Amino acid sequence: MDTFLLSLTVLFAGGMFALIAHRQFSLMKAGYIAITVAGSLMGLSAIWPTLQGGSPVSFSTTWLHLFTLSFTVDSLSAFFLLPIFAICPLAVLYSFHYMENSEQCGRVAANYFFLNVLVVSMALVASADNLIGFALVWELMSLSSFFLVMYEYQKEATRKAGYIYFIFTHVGALCIFAAFALAYSSTGSYDFASFADMPAKVKAIVFFLALAGFGSKAGIFPMHMWLPHAHPAAPSHISAVMSGVMIKMGIYGIFRLYASLGVTDLIFGEVVLCLGIISGILGVVYAIGNQDLKKLLAYSSVENIGIILIGMGIGMIGVASGNMVMASFAFAGALLHVLNHSIFKTLLFLGAGAVLHKTGGKHLDLLGGLMKKMPTTGKTFLIGSVSISGLPPTNGYVGEFLIYYGAFHGLTLGGSSFLFVMLAIISLAIIGGLAVACFSKVVGMVFLGEPRTEKAATATEAGFSVTLPMIVLAAASIFIGLFPEPFINLVFLGLNGIKSLQLVGPEEVAIVAGNLAFIARLFLAIFLLSVALRKLFYLKKEIVRGATWGCGFTQPTVKIQYTGTSYGMSIVDFFRPFVRIRTSYSGITRIFPGRTTYESRIDDIAEITLMDRIVSPLLYLLGKLRWIQHGHIQLYIGYIIVTIIALLLFI
Amino acid sequence: MINISQSILVITLLSVLLSLGSTRLTSLVKIMALQGVMVSLTPLFLKDHGSFGSGAIIFFQIMILIKGLLIPGLLYMAVKRIAIKRDIEPFIGYHASILSGLAIILVSVFITNSLRLTLPAGHDIVLITAITTMASGFFLMMARSKAITQVIGYLMLENGIYLIGTALTKHSHTLYVVEFGVLLDLLVGVMIMGIILHNINSAFDDVDTTLLGRLKD
Amino acid sequence: METFIPLAIAILAAPLFPGIILKVKAFFAGKNGPPLLIKYYTLIKLLKKGSVYSNSTTFVFKLGPIVSFASAFIVLLFFPFAGGSPLFSFHGDVIALFYLMGIGRFFTVAAALDTASPFEGMGAAREVFFSTLAEVTIFTVLVLFYRLTGSLSFAEYFTGENPISLLSASGALLLFVIVALFMVMLTENSRVPVDDPATHLELTMIHEVMVLDHSGPDLALIELGSFYKLFFYAAFITHILYPFTAASSLVNGLIFYALLSLIYVAIGITESIMARFKMDLVPKFILTSFALVFFAAILTMGVLQ
């Protein structure tokens, strides 16, 4: 535990260093990065024994002589700490060339400070062991990430995004604290361990309240609205950390809650599964519909959270019906997908940031052809895209396979469970197919083809500190895909904490992991053979370069390329009741048509519903109460006195 | 190996799904003909319906004739003669209709299981088919705009009711007499519809029921 | 040896069968048609040629043919042709294999987008959409198979004590699967009525337009990959039609290839008597195949078993 606390102290010191040294811009960046990387490495070494199967370590202290704060790193915590300590230093390293504006050194320093506060608070969230401690660090996490989103506070859109995030994260926190208060009033103890003693009814209320709260952090579908606003507004390495690591804390919360409540009713699994299906499918549909690169990635986070929840839902149904093969593999898949998503989503956000940095545009239909200009970014982004589409031989596939494997073993159940499992498999297939559509679109529109604008045509490759983290992450993606065994073992170790789950034996796990590794390597071998075969066929052959065949059209321009909007429209249209498509077309009126315009936009139904059904009525209602506000300070003092007297009456 | 009554019912269910997904009126009418024949054959092949007298045989033959030939024939004539535009023009799209059909089947399975009726063996799938057919009939009436598809939806509803009767009874054809009366009513209804459609068609340009909504003023 | 010979025959014979389709189509048109071995000649011709690459393209364009070939080829290694044991097999391989086909599609699509041609982009958009729907049908088939036998690999489906086939106890349900898989086969292999590779207008194609810019050995790899894919789907359906449990592998092989030819003839007949659908009817077509299988899966819920 000492190393763990020391690493957190070092990380915090790194943040302070950035604040102190902000006048020396380059020194500040270099020093900050060095300290942060060192702190993270210390953190990794602190959790290493636990990841190897060591016993949990804990630490506790009193606070205000009233509360006890205790922190424990058990195997589940350690698993969630792994992405925190592994991904964050890469994002920090990335910022060296990404944050280049030395005139705003103060803001950059503040950004660095809050980033490290975020890292520290996330590490504490993942290790918090009682309610008070958890609530404190959860709040710290929400606040520090709010300041990170607000980096470009002069922009109207950023401020709006920040406030949306603030509201969502605090409504979520409200639900979580309500759940905790209920739990405390029921058990009289602050420990997570005492959760299991609650009556079943209270357990259900606590679970669903906290699910709503954690869901708004994780981005489960109707509560996901802050993601597509906050991610585009924040700097890219911040989006990467938030999407890759921070939203997983919501998932961690659900995992921890499930483990400590020990609930085994079907309904919990079914609700989580349904939420997962909705988030997964609609997330990827909106990702296909959106053409803003970072917004698209934000929606894709919703999709991946959906996949994780599908895995958890199947696992819970498996536990509820006593099918432990199903439960073990589905939970393992969900947990592994947490790690995998933090790898490839970070990679993609960093890549998107590099593109944004070099071209100034993040609208898909204004980019193109960047593979030639930014080869490293392009190649790593391609690997990330393959991985996020869940295709072998990359890591995205490993997690999804385990979920599938668990789900298929649940098909022998009877009645409604069978139905839920079948729907889960079908929706995983839909999500997989649509993810291919979505990320082939991104790669195709951003990196392939011809540049659609001047800025895209003149882009150059980003600096080494930008490309290096991406290379590392891409390599990790492929490595986990080809050598999944140790990671699957790690996941099963992490699952030990769930008491109601009897894990399958290590032999069966080893067989499945071995098969996965085998088919990935076999595919790689056949791929390499095909490459060799192709080389053989091209020996001493004439190779000519020419223009693309225009199907008889001889004057092609870059503008006739298929756009991302049209690429995705038929798919989005298929899901029309769940997606609102608005188009405006000026039409052609005269024989010699003037300038015509066509615009289409895709609106989030959750957002529209929230606006129409909740925000507008609320505003109307609150507008009626406006007479309370007069702006005279004397009146407010009067209010305060009246309130205090009224409250005193109740004592 | 393959149970005949089950196969008939499965074909009936399929015809329901197909009718929800069909885009052409003529093909819809053909599917209804098939469905009519299958539905009227069902009681003949259920195990415990036992022996049939000569009256029953004639009764079922008339049934097949009306359901499978007469009504679809009249509908077909209506489609052809009045030259209705052959596309179906849905309010709810074909994709959504097919998926709704699947959902209806699922719900029927659940309803049948939760009713916990003491049905004779093999009759629960009859009940599932019956509920599905009825609900899909309603769905068709609701989701399509043409008057003729509404009649077809009604026909499907009637098929469903007939099947429910089949599922819940073990006795001979006498119980179908009421049903038979309804069928005759329906036949008259189809004929009248043909005449009215013909008149509407000569009076207006289209037989879309959405246009009928304007008559309220 | 037992496992290698059927596989080798399958790998070598796959390009033969599309010739049958052409023959059938020619028969319906009252023509003589090209020789049966036409696809071999085409492959040899393509392999002899050099290539033209577009200036817009990058290495992704060259990866397209390789990955799509590799992903089609790897499936054959896991398939128990004519009931013999496959080269490799493990519990769960079907999931992996259909996902591997997905990576083939990803790179075909990426290669198409790499050419900056609007037509290829259009084809790519259609391909990803339609094959997503087809994938849903396939996974529902896998759900149904698991429900029936509890197995999760091609070898478990079609070999052993109780293979899945039309003649087994739950044969009636498999009728739906066969029809649905036939529809999926037409979709995934870009045959009429979903896609018409023989049309003169690139605007109306799906798969064929995506490979417009490939030439020479690259195109040969793509063609070979597509032959393997079609062969796999046809073999899949053949195995559901008839269980290859005869003692002699020679008899099995003969029956297998006879039935397989019948499937190709059926494709040829379908292509001859049907026209290509309007593009907006294609999703409905695939959705119908899904509805069939899903329906069969519902029937396993304690109703028909």
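1. Helices (H or I, at least four residues) and strands (E, at least two) are DSSP runs, numbered from the N terminus. The model is predicted: local features need pLDDT of at least 70 and side-chain atom pairs pLDDT 80 or more, while totals for chains, interfaces and linings use all residues. Residues are numbered from 1 along each chain as its sequence is written, chains are lettered from A and ligands numbered from 1 in the order written, and side-chain values use heavy atoms, with hydrogens and water left out.

2. Just after H10(A), Gly262(A) has a positive phi of about 65°. The helix itself covers residues 248-261 of chain A.

3. Chain C has eleven helices and one strand. From the N terminus, the order of elements is α-α-α-β-α-α-α-α-α-α-α-α.

4. The C-alpha atoms of chain C fill a box of roughly 60 × 45 × 40 Å along the principal axes. Of its 305 residues, 69% count as buried. In chain C, 79% of the contacts (heavy atoms within 4.5 Å) with a separation of 6 or more join residues 24 or more positions apart.

5. Asp218(C) lies in helix H9 (residues 216-241) of chain C and counts as buried, at 0% relative accessibility. Leaving aside neighbours within four places in sequence, Asp218(C) is in contact with Arg534(A) and Tyr538(A), and with Tyr53(C) and Pro65(C).

Technical notes. Expected span 1.5 Å × (residues − 1). Buried < 20%, exposed > 50% of the residue type's maximum accessible area, 1.4 Å probe, protein only.
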